[in-house]
Amino acid sequence: MATVQQELLPSKGTELESVVPRKVSDDDKLVEYDALLLDRFLDILRDLHGEDIRQTVQDCYELSAEYEGKHKTEKLEELGNMLTGLDAGDSIVIAKSFSHMLNLANLAEEVQIAYRRRIKLLKKGDFADENSAITESDIEETFKRLVTELKKFPQEVFDALKNQTVDLVLTAHPTQSIRRSLLQKHGRIRNCLTQLYAKDITPDDKQELDEALQREIQAAFRTDEIRSSPPTPQDEMRAGMSYFHETIWKGVPKFLRRVDTALKNTGINERVPYNAPLIQFSSWMGGDRDGNPRVSPEVTRDVCLLARMMAANLYFSQIEDLMFELSMWHCNDELRVRADELHVSSRRDAKHYIEFWKQIPPNEPYRVILGDVRDKLYNTRKRAR
C-alpha cells in the first residue's frame, strides 16, 4: 500500500495530471482529487492482481485521455488493439477496474462541487463564469435574483415559496442493481476525501485518513456491483427506507434551515411554516403493478406495514433524543409547550399503532416489530413522567 507523505501527496497519480482532460479551471481541486484516488486504486490493483494488470489499466487510461484531449485517431486504434488482445480473465478485471475508476471520478467530482460551494460562501463572491453560476447556484442566490433581476417583492417570493411543493417519488424498479453496501462504501470514500483536504488536519490525522481511504477503495473494488438475484418488493422498500435513514432524514431539515437563512438574508424575517409541505415524498415500492409478477395485494400490504414500522422506529428514536436534550436544559415556555405537544402526539400515534398491533395474527413477524415499537414508546413515556 502507498504511504502518506507530509504534504498530500506527490505520487504516481500526479504524473497522470498532464493527460487528464481539463474539465475545470486550475484553481479547482478536481484534478487533485482524481489523481489521489487513481493513485490509491492503482496501488491496490497491483497488490491484488499484479504489476502487469496495473500497467495495462494505466496504459488504457492514458490512451483514452490522450484521445479525448487531442482527438488523435491513432490513439483510439492503439487502445482498441490493446483491449482486443486481452484474454477473457484479464478483460473482466480491467472492465471492473474502469467501472470502479468511473465511480471514484464521480465521487471526486461530488467532493469538488461541495468544495467550490464552501469557497463561494466563505468569499461571498461570484462564480468565475455564468455556466458555473447556473450549475452551482444556491438558494440565497436564487432568491436575490428574483428580487433584483425579476423585480419581485421579498414577500412575493416568500408567499410563492411556502405554497409550493416538490414531490419526490421513490421508484421501485427491478433493474436497480447497485447494492446498498456499495453505496455506503462510496459514502465513506467521499467523507475520507473531504477530510483529507481540510485545512486544520494534522499529519497523524492525514495518515490515518489516507489509510482509511485505501481500505474503503479496496473494499468497494472487491464488492460485487450487481445483485445476484432481482430484489424483492420488500428489499426495494428496505433500500428506499435506507435512503431516508442515511440521507433524507437529516438532509431535509438541513435544507429547510438553509431556506430560512436564505430568506433572512434576502430581507424576509419570517420562517417557512412548519406545516408548509415544501418537500414531500411518494413511493412506488411494493405497489408497482407495471408488469412486476412479484407484486400482489398481499405484498403491498406487507410492504406498507413494514415501512410504517420502520418509520415509527425513526420517530420514536428522535423523540427519545429530543427528550434527553430537553431534560438537560432549562426550557423556555415555547419549548416546553412544543415538548408537551410532541408527547401528546406520540401518545395518539401509539394508540393507533397498538390498536393495529392487536389486529395482527400472533405468528406474523410484523407483530414482533410493532411490539418493539410499543415497548419503546412505553419506556419513553415512563421516563417523561
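The surface of this predicted model carries a positive patch made up of Arg117, Lys254, Arg257 and Arg258. Three residues of the patch come from helix H11, spanning residues 233–265, which is the element that contributes the most to it. Arg257 is one of the residues located in helix H11.

Helix H10 covers residues 203–221 and can be examined through its length. Several residues of H10 are buried, among them Leu209, Leu213, Ile217 and Ala220. The buried residues of H10 also include charged ones, such as Lys206, Asp210 and Glu216. In an α-helix there are 3.6 residues a turn, so residues three or four places apart point the same way.

Attention now turns to a strand. Asp167 lies in strand S1, which comprises residues 166–170. Its relative accessible area is 39%, and Asp167 is therefore partly exposed, a class that lies between the limits of 20% and 50%. Although Asp167 and Ile279 are 112 residues apart along the chain, their C-alpha atoms are separated by 6.0 Å.

Lys151 is situated between helix H7 (139–148) and helix H8 (154–162), in the loop that links them. The phi angle of Lys151 is near 60°, a positive value in a residue other than glycine. With a relative accessible area of 65%, Lys151 is exposed, because this value is over 50%.

Technical notes. Residues numbered from 1 in each chain as written. Predicted model: local features only at pLDDT ≥ 70, side-chain atom pairs only at ≥ 80, totals over all residues. Heavy atoms only, no water. Patch = residues over 30% accessible without salt bridge, like charges linked within 9 Å, V, L, I, M, F, W, Y side chains within 5 Å. Areas by Shrake-Rupley, 256 points an atom, 1.4 Å probe, with all protein chains shown as cover. Salt bridge = Lys/Arg side-chain N within 4 Å of Asp/Glu carboxyl O. Charge placed at Lys NZ, Arg CZ, Asp CG, Glu CD. Helix = DSSP H or I, 4+ residues; strand = E, 2+ residues; numbered from the N terminus. Expected span 1.5 Å × (residues − 1). Buried < 20%, exposed > 50% of the residue type's maximum accessible area, 1.4 Å probe, protein only.
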